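Hi everyone, thanks for coming.

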Amino acid sequence: MTTEETTETKGVRLTAGDAELTVSPENGCRIGSLRIGGTELLRQGSRYGSFPMVPWCGRTGLGRFRDGGRTHQLPVNSPPHAIHGTGRNVAWSPAGAGRSSAAFTYDLADPWPYEGRVTQTFELTPDSLTVTMSVETEGDSFPAQAGWHPWFLRNLGEGGADVEIAFEAAWQEERGEDHLPTGRRVAPRPGPWDDCFGMPEGVDVTLTWPGRLELRVTSRTEWVVVYDEQAEAVCVEPQSGPPNGLNSLPRLVTPIDPLEISMTWSWRTLT
């Protein structure tokens with residue numbers, strides 16, 4: 001089975017108040033579980049938790065990107081495209097942990113064509129989680145992206161209502177038949193979505209499970225993908241650029257300018 005198909009039950013457990021977080025460094029350094037007052041917020045089973053997308057986010061068209069005069073081919077793991085990076089498929093190394101915080105690293109390697117290091121940190125409080133990811137080069141400069149792909153439960157059970165998604169975006173990236181942005185920005189359209197939105201003032205999306213819990217996803221980045229086409233889960237994915245961004249909007253990682261992105265989930269109970 002792939003890391004997308006099996007739940008890793010082991011991991012590093014962080015606690016703060018009634019919040020419990022489990023990180024699975026052996027399984028792509030994903031968040032395996034987030035419980036608030038004993039209630040799980042992330043889908044379990046297949047396609048579970050929340051995984052990092054690095055060194056690219058979403059789909060890279062045909063698995064190819066150019067860097068100067070060189071064309072690189074990535075594994076086509078979502079034909080005909082390469083999707084969601086390589087970080088979710090490898091084991092990360094611990095770089096420090098306490099009761100409510102932890103850090104992990106992994107070194108970029110084949111099939112990524114450049115040397116570098118990725119660091120991911122987790123900081124848990126009783127009412128929030130902040131995750132930060134940085135990408136540094138250990139040689140040549142290269143384009144990269146970073147972000148996260150959580151699977152929030154659509155319904156928290158116990159007879160409650162489905163989650164409601166609320167946000168205001170400045171634009172939506174028009175999605176072509178190949179699921180890649182066409183390059184046109186259009187007015188935000190109603191869901192269901194598998195779409196990238198632009199928020200120049202920073203990502204700000206609220207998930208509300210009526211009568212149960214409200215969770216706000218914020219980030220200084222201006223890009224977020226919202227995906228709610230599955231019955232069991234919804235995704236709110238802050239990322240450093242749009243899908244296919246290695247080609248359309250490359251962000252260069254240099255020895256003096258690493259890529260850094262952070263997101264915060266903050267919550268409050270509604271009962």
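On a 1 Å grid over the protein atoms alone, a pocket is an open set of points where a 1.4 Å probe fits, with protein on both sides within 12 Å along at least five of seven lines, and lining residues have an atom within 4 Å of a point. Its volume is the space filled by probe spheres set on the points, which are joined across faces, edges and corners.

What we have here is a predicted model, where local features need pLDDT of at least 70, side-chain atom pairs count only at pLDDT 80 or more, and totals for chains, interfaces and linings use all residues. Residues are numbered from 1 along each chain as its sequence is written, and side-chain values use heavy atoms, without hydrogens or water.

So, what is the volume of the largest pocket? About 620 Å³. Of its 30 lining residues, R59, S78, I83, H84 and H149 are the closest to the centre.

Now the inside. A nonpolar core is a set of buried (under 20% relative accessible area, 1.4 Å probe, protein chains only) Ala, Val, Leu, Ile, Met, Phe, Trp, Tyr and Cys residues joined through side-chain atoms within 4.5 Å. The largest has 61 residues, and F122, V135, L215, W265 and W267 touch the most other members. A second, separate core of 7 residues includes M53, W151, A233 and C235.

Let's look at W267. Leaving aside neighbours within four places in sequence, W267 is in contact (heavy atoms within 4.5 Å) with residues including L34, I36, L124, P126 and L215.

Finally, strands, which are DSSP E runs of at least two residues, numbered from the N terminus. Strands β21 (residues 203-209) and β22 (residues 213-219) pair (at least two DSSP bridges) in the antiparallel sense over 7 bridges, and T206 stands opposite R216 in β22.

Definitions and conventions
Buried < 20%, exposed > 50% of the residue type's maximum accessible area, 1.4 Å probe, protein only. Helix = DSSP H or I, 4+ residues; strand = E, 2+ residues; numbered from the N terminus.
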